[in-house]
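Biologist: I would like to learn how to read salt bridges and pockets in a structure. Please take me through them one at a time.

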Amino acid sequence: YGLNYKLNRLNDAANPSVGYLLNLKGTAGQKKIMKNPVLADSLYDDILLSSMQIKIDGILDKYWPLYKFLILRTQFSGGFINGNNLFPGDLYRIGGLKSLRGFTEKSIFASSFGLMNLELRAYLSSDTYFMIFFDQSYIKGTESEHKAQYPFGTGMGLSFNTNSGIFNFALALGKSENQPLAFNYAKIHFGYVARF
């Protein structure tokens, strides 16, 4: 079962500069694990083969006009998964251009997370801008891991429009327990949104 609520008050879907977007989702269902006939039945002794799994996540994306060519973008997102026997495929995957810049794309697994993105944009034209950003996150692995992590990323980038679509480029540094804040760990993120 699932429920989704979306409220879109952005002035442009592809390259917004004013307004906000709210998207909330919740799902619940019965997770069933099927036994592999090749493996011994004893491997499944401590595993619940059927259990309830709940997933709730949401995003609030807001654009604040500051001056003629300056816009502040704030984005808050988060998610929570509850259930027994959470496998890596069940978890959220954080990292990369669309979430936590400064880390490899979708490299961080989380059963719950909170993410705040702050981005100051200086528009050079109506659809080309330079940006500086800071991304802060709260990440918790699985329910068995009680320790939370707080990785963050910061950097700068450029977005520009062409006849075929929008290109995004960002240079970011990230810091976590496993990654120091150093230039030899810097990530270059590329993104492209096609228009047709």
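Biologist: With which residue does Arg121 form a salt bridge?

Modeller: This is a predicted model. In it, Arg121 pairs with Glu119, and their closest N and O atoms are 2.6 Å apart. That counts as a salt bridge because a side-chain nitrogen of Arg lies within 4 Å of a carboxyl oxygen of Glu.

Biologist: Is Arg121 buried or exposed?

Modeller: Buried means under 20% relative accessible area. Arg121 has 4% relative accessibility, so this residue counts as buried.

Biologist: How many salt bridges does the structure hold?

Modeller: There are eight salt bridges. One of them joins Asp61 to Arg73, with 2.9 Å between the closest N and O atoms. Asp61 sits in strand β3 and Arg73 in strand β4, 12 residues apart, so the pair links distant parts of the chain. Both Asp61 and Arg73 are buried.

Biologist: Which parts does the salt bridge between Glu177 and Lys147 tie together?

Modeller: The closest N and O atoms of Glu177 and Lys147 are 3.3 Å apart. Glu177 is in the loop between β11 and β12, while Lys147 is in the loop between β8 and β9, so the bridge ties together parts that are 30 residues apart in sequence. Lys147 is exposed, because its relative accessible area is 59%. Elsewhere, shared partners join the salt bridges of Arg101, Glu119, Arg121 and Asp135 into one network.

Biologist: Now the pockets. What is the volume of the largest pocket?

Modeller: Rolling a probe the size of a water molecule over the atoms shows where empty space is left. Here the largest pocket has a volume of about 860 Å³. It is lined by 34 residues, and those closest to its centre are Ile59, Asp61, Arg73, Gln75 and Lys98.

Biologist: Which residues line the second largest pocket?

Modeller: The second largest pocket holds about 170 Å³ of space. Its lining consists of Phe103, Thr104, Ser107, Ile108, Gln149, Pro151, Ser176, Asn178, Gln179 and Lys187. Three of these residues are nonpolar, six are polar and one is charged.

Definitions and conventions: Residues numbered from 1 in each chain as written. Predicted model: local features only at pLDDT ≥ 70, side-chain atom pairs only at ≥ 80, totals over all residues. Heavy atoms only, no water. 1 Å grid on protein atoms, 1.4 Å probe; cavity = no way out; pocket = protein on both sides within 12 Å on 5 of 7 lines; lining within 4 Å. Points joined across faces, edges and corners; volume = space filled by probe spheres on them. Nonpolar A, V, L, I, M, F, W, Y, C, P; charged D, E, K, R; others polar. Helix = DSSP H or I, 4+ residues; strand = E, 2+ residues; numbered from the N terminus. Buried < 20%, exposed > 50% of the residue type's maximum accessible area, 1.4 Å probe, protein only.
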